[in-house]
Amino acid sequence: MRNETVNVPKRAAALISGGLDSMLAAKVVLDQGVDVEGINFFTGFCVEGHTHAIRKRGRSREKRNNALWVAEQLGIKLHIVDVIDEYKDIVLNPKHGYGANLNPCLDCKIFMVNKALTQDVLDRGFDFVITGEVIGQRPKSQRADTMPVIARESGAGDRLLRPLCALNLPPTLPEREGWVDRDQLFGFHGRDRKPQMALAESFGFSDYAQPAGGCCFLTDERYAGKLADLWDARGVRDYDFDDIMLLKVGRHIRPAPHYKLIVGREEGENNFLAGYRRRFVHLDTVSHTGPLTLIDGEPTDADLVLAARIAARYSQGRTAAEVSVNVHRPSGVSAELRVAPMLPTELNPAWHVGG
Amino acid sequence: MKGSQKPHGAPTTRLDARGLLCPLPVIRTQDRVRMLKVGDVLEVVATDPGVLHDIPAWCRVHGHRLLVTEQRADDFRFHIEVA
């Protein structure tokens, strides 16, 4: 008689970023008959999704959520989990510090593996967690010496399986128990992407996402510079969701510590910034087509004249002698300023936040 | 039709996801669907054009039936039947 207990497929949570490695890792285990479900965490810093919606640039590309696309290709369920609030502590107080910018990659991975293991989807837990990590792939989090740290500090221990580099690591519980066949796992290492691309080809995968610089804005030098500037200007290391969204949008220009401009670069960004008009002093050019500009901080009247000149500099009237700019306050009071657009030579390069 | 019974396919409940950028409309939809029962119909209204791709993709991944997809002047409307 068939032993039902033995034959119940084990359940694995696969961290799905939307990139190739996590897709391959899930596929390798899925093909061994394991019941795999995808988990995608939305931290607020994800490159995925938001900027596609905000900016018009690149609209020729299909506007898709790559994690959902991966789940569809694999035929697995995907749970997208909002961790915006919880993630704040990871960003502000990373136990293991930051990478090249403000990316707390090691703490992030520990957090996500722990969350995946304890996700209570469908009122059932998971037997183990799958990640697409490859030893040597990332300088901060994917190293031989950090792999055991993630396993230990996430609480997953040997329930954490990295199918793409498993052969370079001691056998995990799923391998020892025969839930997965170690012989069908891989020993990838280093930054060379060719083995992953060859594996993708063998599975018939094409059109997969390969985001340059990873999937997180915190790895981006310019974005990290804007976040650090925000903390400096406010004198406190903190943020809310709108802060980190606004850092993704527009030119950020800080002529003085007590205020900065956020200048829309194109129609999509102007539309996005328009959603914040009631909360910020904002400028729009009247005599010429131009950007919507939000002012974050406490500008004086003289500051607003300077801000209007900068806004005019990015309008169609940049070479005109004078541009009319409306200044709107959150109270509803508006005033028109007539200003000379700022000359490129007057715009101090150091005012550009994030370089 | 009996008293308070809804016609087949009529929304049982409504989610206002206007103003949210993807993937938040999908996350809110997913969280709401988790509280519903099989056969319930959820109406989702959202403004981010990304939902035109993400909501149908999410429904396909989870096997829910997308009954209505409507692009209106200011927003997008979906009816999702929970599977």
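Leaving aside neighbours within four places in sequence, which residues is A:L78 in contact with? In this predicted model, A:L78 is in contact with residues of chain A and of chain B. Contact here means heavy atoms within 4.5 Å.

The model is predicted, so local features need pLDDT of at least 70 and side-chain atom pairs count only at pLDDT 80 or more, whereas totals for chains, interfaces and linings use all residues. Residues are numbered from 1 along each chain as its sequence is written, chains are lettered from A and ligands numbered from 1 in the order in which they are written, and side-chain values use heavy atoms, with hydrogens and water left out.

A:L78 also belongs to the largest nonpolar core, which has 59 residues. Such a core is a set of buried Ala, Val, Leu, Ile, Met, Phe, Trp, Tyr and Cys residues joined through side-chain atoms within 4.5 Å. Buried means under 20% relative accessible area, exposed over 50%, and partly exposed in between, with a 1.4 Å probe and protein chains only. A:V29, A:V36, A:L78, A:F128 and A:I130 have the most contacts inside this core. Its largest share, seven residues, comes from helix α2 (residues 20–30) of chain A. Helices (H or I, at least four residues) and strands (E, at least two) are DSSP runs, numbered from the N terminus. A second, separate core holds 38 residues, among them A:I39, A:C216, A:Y239 and A:I244.

The whole structure contains eleven aromatic pairs over all chains. Rings of Phe, Tyr and Trp (its six-membered ring) pair if their centres lie within 6.5 Å; planes under 30 degrees apart count as stacked, over 60 as edge-to-face and the rest as tilted. A:F45 and A:Y223 pair edge-to-face, at 6.1 Å centre to centre and 85 degrees between the planes. A:F45 lies in the loop between β2 (35–42) and α3 (50–54) of chain A and A:Y223 in helix α10 (residues 221–234) of chain A, so this pair ties together parts 178 residues apart in sequence.

A:Y87 is buried at 1% and A:F111 at 12%. Ring pairs join A:F45, A:Y87, A:F111, A:F217, A:Y223 and A:Y239 into a cluster. A:K88 lies over the face of A:Y239, at 5.5 Å from the ring centre. The criterion is NZ of Lys or CZ of Arg within 6 Å of the ring centre and within 35 degrees of the ring normal.

In chain B, helix α1 (residues 24–33) is mostly covered, with seven of its ten residues buried. These are B:L24, B:P25, B:V26, B:I27, B:T29, B:Q30 and B:V33. B:V33 is also touched by B:H64, a residue of the loop between α2 (51–62) and β3 (65–71). B:H64 is buried, at 13% relative accessible area. Its side chain reaches the backbone nitrogen of B:A83 at 2.9 Å. Beyond four places in sequence, B:H64 also touches B:W58, B:C59, B:I80, B:E81, B:V82 and B:A83.

Note on methods. Polar contact = N/O pair within 3.5 Å; in protein donor to acceptor, adjacent residues only side chain to side chain.
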